[in-house]
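Welcome to this guided tour! Open your viewer, get the selection tool ready, and follow along stop by stop.

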Amino acid sequence: WLAWLNNFAPYYFPPLIIGLPLGLLLQRKYLSLIHLILIGIAIIWLLPRFLGNRSVSSMAASGQVLKIVTFNVWGDNPRLDDVQLWLREMDADLVLLQEIPPAWAGVGIPELTDIYPHQISQPLEVRAWGDAILSRYPILTHERYDLYNGFTANDRITIEWKERSIAIYNIHLSMPQRDTPYFTLPINNPFLNMLLKYDDERRNRQIDLLLDRLVAEDYAFIVAGDFNMSDHAAKYGEIAAQFHDSYRESGWGMGATWPNSRVAGFPSFVPPVLRIDYVWHSNAFRALSAHTGPELGSDHYPLVTMLQWNDSN
């Protein structure tokens, strides 16, 4: 229950906006002092995320920039044409997709081969709603591996970029839930059922094994995908202690990517609340910008990141 509560930590502070004036109005000095302390903690913790990001003025001059898109498409997405159109407009160097529809399984996206002549796509026998990688650059090697006792496959490729070999990991970790709910409610909502089955042990084990791989990685690397992990989860800190979160490094605001209220069955005015999609990178890169994309029929929002080769490393 505590791990579940941690995911929503920033959202416990807004009631202070009402609580502080109320405490002052009632002349409750002790209550007001507590509210002021908590507001101070919130400002120190969260305000830096809204103070702007790193300038991208050097991108055109250097030419050592990779544009990355990661997106959990959702296998039942009814707007695949819109997804393809948006990917073409983004004109990224690498596209890492999760939960691709059966039509793309094993074949990639043929309509985009003029932009991405190099594609890796998991066939249905590997995983239903699997992963795909679209690349402008030649794919030198491809490895498909499991995390945690035969868990469904993840992909690692190496590409040739600017006369360098770069390792690219496309990640889709399991949802943090057990097979059966702790208890049932008369309300039948799939997202509510996820909460009633919350258990992050399996996902955390997958992260441990992934970190072991990355520590031993020979090349500069980029790791992107659906981690099914909030950036306020305790496990997030273990990854951030070793590698760089592109959005935290160069994005603005909370950067929430899940859930899309229309797909989740919530009122349309409800925004996404959790950031669970990431682009991580090694010291060989630095993030220039990161932002979420538009609503495209999935329960996730896409993430777009610009990474620059870090000459100092």
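Start by selecting Tyr11, Ser230, Asp231, His232, Met254, Val273, Leu274 and Arg275: these residues line the largest cavity. Keep in mind as you look around that this is a predicted model. The cavity you have found has a volume of about 40 Å³, and the structure holds one cavity of 30 Å³ or more. What kinds of residues make up its lining? Four are nonpolar, two are polar and two are charged.

Next, select residues 154-161 and 164-172. These are strand E6 and strand E7, which pair in the antiparallel sense over seven bridges. Zoom in on aspartate 155, and you will find asparagine 170 of E7 standing opposite.

Now widen the view to the whole sheet. Six strands form an open sheet with mixed pairing, and you can trace them in the order E5-E6-E7-E8-E10-E9. Which strands lie at the edges? They are strand E5 (139-145) and strand E9 (244-245), each of which pairs on one side only.

For the last stop, go to helix H5 (residues 80-90) and pick out glutamine 84. Is glutamine 84 buried or exposed? Glutamine 84 counts as buried because its relative accessibility is 12%, and buried means under 20%. Leaving aside residues up to four places away in sequence, show what glutamine 84 touches: Trp104, Ile109, Glu111 and Leu112.

Methods:
Residues are numbered from 1 along each chain as its sequence is written. This is a predicted model: local features need pLDDT of at least 70, side-chain atom pairs count only at pLDDT 80 or more; totals for chains, interfaces and linings use all residues. Side-chain values use heavy atoms; hydrogens and water are left out. On a 1 Å grid over the protein atoms alone, a cavity is a set of points where a 1.4 Å probe fits but cannot get out, and a pocket is an open set with protein on both sides within 12 Å along at least five of seven lines; lining residues have an atom within 4 Å of a point. Grid points are joined across faces, edges and corners, and a volume is the space filled by probe spheres set on the points. Ala, Val, Leu, Ile, Met, Phe, Trp, Tyr, Cys and Pro count as nonpolar, Asp, Glu, Lys and Arg as charged, and the others, Gly among them, as polar. Helices (H or I, at least four residues) and strands (E, at least two) are DSSP runs, numbered from the N terminus. Buried means under 20% relative accessible area, exposed over 50%, partly exposed in between (1.4 Å probe, protein chains only). Contact means heavy atoms within 4.5 Å. Two strands pair if DSSP finds at least two bridges between them.
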